[in-house]
Amino acid sequence: MLETSARLLRLLSLLQTPRDWTGTELAERLEVSARTIRNDVERLRALGYPVNATRGSVGGYRLGAGADLPPLLLDDEEAVAVAIGLRTAAGGTIAGVEETSLRALAKLEQVLPSRLRRRVNALQAYTVPVPRDEPGPRVTAETLTVLTACCRDREVLRFGYRTHDGSETVRKVEPYRLVNWGRRWYLVAWDLDRGDWRTFRVDRLTPRVPTGPRFTARELPEGVTDRVRRGVSSAAWRYRADVTVHASAEEVTARINPAVGTVEAVDANTCVLHTGADSIETMAVHLGLLNAPFRVTEPPQLVDYLRELADRYRDATRI
């Protein structure tokens, strides 16, 4: 009986890989007959694992999705990765999943072998999370679920939206993609009232249900990530600036985080950085890290703050 149980676990591990296995391949891997494989597959089905089978020369076995989540078989590295992911999710940017993540993590740690539990516990005990310099915006799992369902089903979505100046509007869109950029979530959608593509910060919107009718999908005009990056650097921030940098576009692009902004080449030694931030101080930090000469003419708040910083740094080096 012990030999059969061990063989079933090994068979389950093979079936959980994303591919089809022929009966012959499984028999060779487990060093048993094809008949034994068929019997073992029936045993797994009796235990609640939905093992799908296809006939023919290219047929085989694959583990499918059932009505209930069956027990999963994880190898050592997968188990540690899941534990790390759950612990990270407990302090992430999605509100409402902290308790669920901790419950799942407790169940996982309870059944981990001692060697793996030591690895996970060591990670928790000897790593210190650094507090964020500012609280990041958070979204609810329910909101993300509604948005992704509308993207999947191609349903028109209405939502209340709060702009960066605090004003409230109602938008009606065809949603296409959700993008997670740093600590923020963005929705890329076709705005039906404005007749153009728009990028919306998810933490500023409140979905209104029921959703609208289905729509015929449009072709996205460009990469979703590029659209969000341009939206972040131009419309999503409280302050925005076009900064002339005396360095090549390639050099500047390599020095900044993509979330800082987009770079447009002027000539071989000059480019324009289109950037933005929720605070003038943050923009000044980004510009100081360019390690290249630059010129700023607007917004006036940024110009004044850079002059203040210049005086402060000059005074700091006087003897």
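# Contacts, rings, cores and bridges

Colleague: Leaving aside its neighbours within four places in sequence, which residues is Thr 143 in contact with?
Modeller: Contact means heavy atoms within 4.5 Å. Once neighbours within four places in sequence are set aside, Thr 143 is in contact with Val 202, Leu 205 and Pro 207.

Colleague: Before we go on, at what pLDDT do side-chain atom pairs count?
Modeller: Residues are numbered from 1 along each chain as its sequence is written, and side-chain values use heavy atoms, with hydrogens and water left out. This is a predicted model: totals for chains, interfaces and linings use all residues, local features need pLDDT of at least 70, and side-chain atom pairs count only at pLDDT 80 or more.

Colleague: Back to Thr 143, then: is this residue buried or exposed?
Modeller: Thr 143 lies in helix H7, residues 141–153; helices (H or I, at least four residues) and strands (E, at least two) are DSSP runs numbered from the N terminus. Buried means under 20% relative accessible area, exposed over 50%, and partly exposed in between, with a 1.4 Å probe and protein chains only. The relative accessible area of Thr 143 is 13%, so this residue is buried.

Colleague: On to the rings: what geometry does the pair of Tyr 161 and Phe 200 have?
Modeller: Rings of Phe, Tyr and Trp (its six-membered ring) pair if their centres lie within 6.5 Å; planes under 30 degrees apart count as stacked, over 60 as edge-to-face and the rest as tilted. The structure holds six aromatic pairs. In this one, Tyr 161 and Phe 200 are 5.2 Å apart centre to centre with 80° between the planes, and the pair is edge-to-face.

Colleague: How many residues apart in the chain are these two partners?
Modeller: Tyr 161 sits in strand S5 (residues 157–162) and Phe 200 in strand S8 (residues 196–201). The pair links distant parts of the chain, 39 residues apart.

Colleague: And what kind of pair do Trp 190 and Trp 197 make?
Modeller: Ring centres 5.4 Å apart and planes at 80° decide this one, so the pair is edge-to-face. Both tryptophans, Trp 190 and Trp 197, are buried. Ring pairs also join these two with Tyr 176 and Phe 215 in a cluster. In short, the Trp 190 and Trp 197 pair is edge-to-face.

Colleague: How many residues are in the second, separate core?
Modeller: Leu 302, from the largest core, is in contact with Ala 241, Ile 280, Met 283, Ala 284, Leu 287 and Val 296, leaving aside its neighbours within four places in sequence. The second core is separate; among its members are Leu 12, Leu 15, Val 51 and Tyr 61, and its residue count is 16.

Colleague: Now the charges: which helices hold Asp 40 and Arg 7?
Modeller: A salt bridge is a side-chain nitrogen of Lys or Arg within 4 Å of a carboxyl oxygen of Asp or Glu, and the count comes to 16. Asp 40 and Arg 7 form one of them, with their closest N and O atoms 2.5 Å apart. Asp 40 lies in helix H3 (residues 34–46) and Arg 7 in helix H1 (residues 2–15), so this pair ties together parts 33 residues apart in sequence, namely H3 and H1.

Colleague: What is the N to O distance between Asp 191 and Arg 171?
Modeller: Asp 191 is buried at 0% relative accessible area, and Arg 171 is buried at 7%. Their side chains meet in a salt bridge, N to O, at 3.0 Å.

Notes. Core = buried A, V, L, I, M, F, W, Y, C linked by side-chain atoms within 4.5 Å.
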